Amino acid sequence: LQEIVRKMRERATVYKEKLKDPVLSSPEGSPTKCPVKEDAEAKPEEDHYCDMLCCKFKKPPLKKYMEHLHLPDSIDSYTDRRYVAWLMLVTVAYNWNCWFIPLRFVFPYQTPSNTIYWFTMDILCDICYLCDLLIFQPRVQFLRGGDIISDRVEMKKFYHSSMKFRLDVISVLPFDILYFFFGFNPAFRANRMLKHNTFFEFNDRLEAILDKAYIYRVIRTTGYLLFILHINACLYYWASDYEGLGSTRWVYDGKGNMYLRCYYWAVRTLITIGGLPEPQTLFEIVFQLLNFFLGVFVFSSLIGQMRDVIGAATAGQNYYRSCMDNTVSYMNTYSIPRVVQNRVRTWYEYTWDSQGMLDESELLEQMPTKMQLAIAIDVNFAIVNKVDLFKGCDTQMIYDMLLRLKSIVYLPGDFVCKKGEIGREMYIIKQGEVQVLGGPDGKKVLVTLRAGAVFGEISLLAAGGGNRRTADVVAHGFANLFILDKKTLNEILLHYPDSEKLLMKKAKVLLKTKGKPPPGPPVQQPRGLASLFGQKQETPKLFKAMVGGKGKEGLAKLLQLKRQQDTQVIKDKIDPEREEKKPVEPAAPSAPPAQKEEPNTGAKPKPAVMHRGTSNESLIISMSPSPRAGEGEILKVEVKEKNRK
């Protein structure tokens, strides 16, 4: 019955709080959603199997293949990966034309025996050009006044009015029909090299989706250098053929691999290495001078571009080294101890290795607030959502809180917080482990908290300016923690009063839960027949004080000592009056005087006896809660003398 009464009282208390503050949720569980029966008439999808080499395996139907290959009505050139893949195919065709048209025109590699193979590759490249012109480019979305235009008619008009469309049309003009009049001369396909806009567009889109775009930039710059050397080798063979192969020491003598010999000459000329034969004729001198001038300009431009690419790739590393060098120089200037310097170096190295940057906020500050919020939700929302204190709060409030979280790295052995400090922050473990220390010496590991755990949340909403830490928290290894201080939370809660009420209620519940004393050792259950009567209840403290206790704790002992003291005081007053022999008018007592007994110092103290009757003393007994949690209540007993009229 007592258990039933206790539960009913707890339930009544919950509903009283619900009536006072409707923000709190009901303790009763919400009804579950009824399962919806699937339509029985829906036919299951047919399975398609294929027999091959005595094996039977499942394959998707042709309809799914067609749906996957179906082109959308409009293409987003910034996010559609299929469009990037198509641009790569067109770029391969463009590079084929750029590299092999000059090669086939100058060097005698195209012969009547292999013309069919060259002609087949040319047709495949032309098909890629036509598909890009007629199918893909008219579907690409564009911006007009900040709006994304996805209408098919408008996209086609925009593409047809652009310079890119004119160059694409010129690049697919069929000058190849001149083969029938002048033979298979690759020079008639020179217009295919005008489709350079697609090549540069592919470079931009590919760099936007790569994680390490600087690697592709280095490869692309190297490709530029090799292509320029390729063109120079073709020009050198053309000049040698014009002068006559082997006619002078300067021209190609026609021995060995013609392309490699000419390419070697082009490398030594453009990079200005020297050691080449001197030109003999006027044509050779002019050609060599133009090569030297072009080589100085091209080579210096490519070297500068390569330097910029590598510098951009290592900009973060250079910034890290600069910050670390400045910090070490500062510590050496002020003679900081070597132990502290080593810890500072360790912090720099671990922070850079784990994050790739020293401060994440510097990178996010360049973005708009909405983008910062989107990144913070993806990175931190799953961790903050696990905190019981914030469950049920406004989602927008949690989003605002995500933007205020600060990430701090603690080294092994660093104190996150110490016992007795005023708590003003809440900690969320992002990575690593922390240990809670306690015990008599403060070195016993009470619990180990890992990634996703939260501690110090009570400090955010504690009344009176904060509560003190009850234990030391130390980083077990390298620990990356999110910190949210009390001032920041109060600024956020100004705009969310409902969430503030809910947090205050939860904070009170958590304070009561964590303020209870730790459970003692388990009580041994009685055996035999004694178990039928249950455990004996503890005697109330007030009753113990009234009945009496051991030594000086009993109430009877206090009364006896007070009575002896009053008797001695009265005796001291009567003796001087008798010596002076002055009559004193006795006052009419309202009650018979209390019995007086002279204390006998030689005799043993008798046990205290409670006498009936009236007295001029007042007994005040009070109970007050202890200021320390877990110590119960304090009993106070005071004996005061009544005021005489």
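Predicted model: local features only at pLDDT ≥ 70, side-chain atom pairs only at ≥ 80, totals over all residues.

Visitor: Which residues have the most contacts inside the largest nonpolar core?
Guide: They are V384, F390, M397, M401, I428 and L484, in a core of 22 residues. A nonpolar core is a set of buried Ala, Val, Leu, Ile, Met, Phe, Trp, Tyr and Cys residues joined through side-chain atoms within 4.5 Å. Buried means under 20% relative accessible area, with a 1.4 Å probe and protein chains only; exposed is over 50%, and partly exposed is in between.

Visitor: Which elements supply at least two residues of this core?
Guide: α15, α16 (395-402), β7, β12, α18 (486-493) and α19 (497-515) each do. Helices (H or I, at least four residues) and strands (E, at least two) are DSSP runs, numbered from the N terminus.

Visitor: And which one gives the most?
Guide: That is α16, with four residues.

Visitor: Why would such side chains sit together?
Guide: In soluble globular proteins, nonpolar side chains tend to be buried together.

Visitor: What does I428 touch?
Guide: Leaving out residues up to four places away in sequence, I428 touches I383, V384, V387, A453, V454, N480, L481 and F482. Contact means heavy atoms within 4.5 Å.

Visitor: On to sheets. What is the strand order in the open sheet with β7?
Guide: The order is β5-β12-β7-β10, and the pairing is antiparallel. β5 (406-410) and β10 (454-455) are the edges, each pairing on one side only. Two strands pair if DSSP finds at least two bridges between them.

Visitor: Which residue stands opposite Y427?
Guide: F455 in β10. Strand β7 (residues 425-431) and β10 are joined by two bridges.

Visitor: Which helix lies across β5, β7 and β12?
Guide: Helix α13 (residues 338-355), at about 125 degrees to β5. Helix α15 (residues 369-384) lies across β7 and β12, at about 115 degrees to β7. Axes are lines fitted to C-alpha atoms, for helices over the stretch in contact, and angles run from 0 to 180 degrees between N-to-C directions.

Visitor: What about the sheet with β6? What order there?
Guide: Its four strands run β6-β11-β8-β9, with antiparallel pairing. The edges are β6 (415-417) and β9 (444-449).

How values were computed: Residues numbered from 1 in each chain as written. Heavy atoms only, no water.
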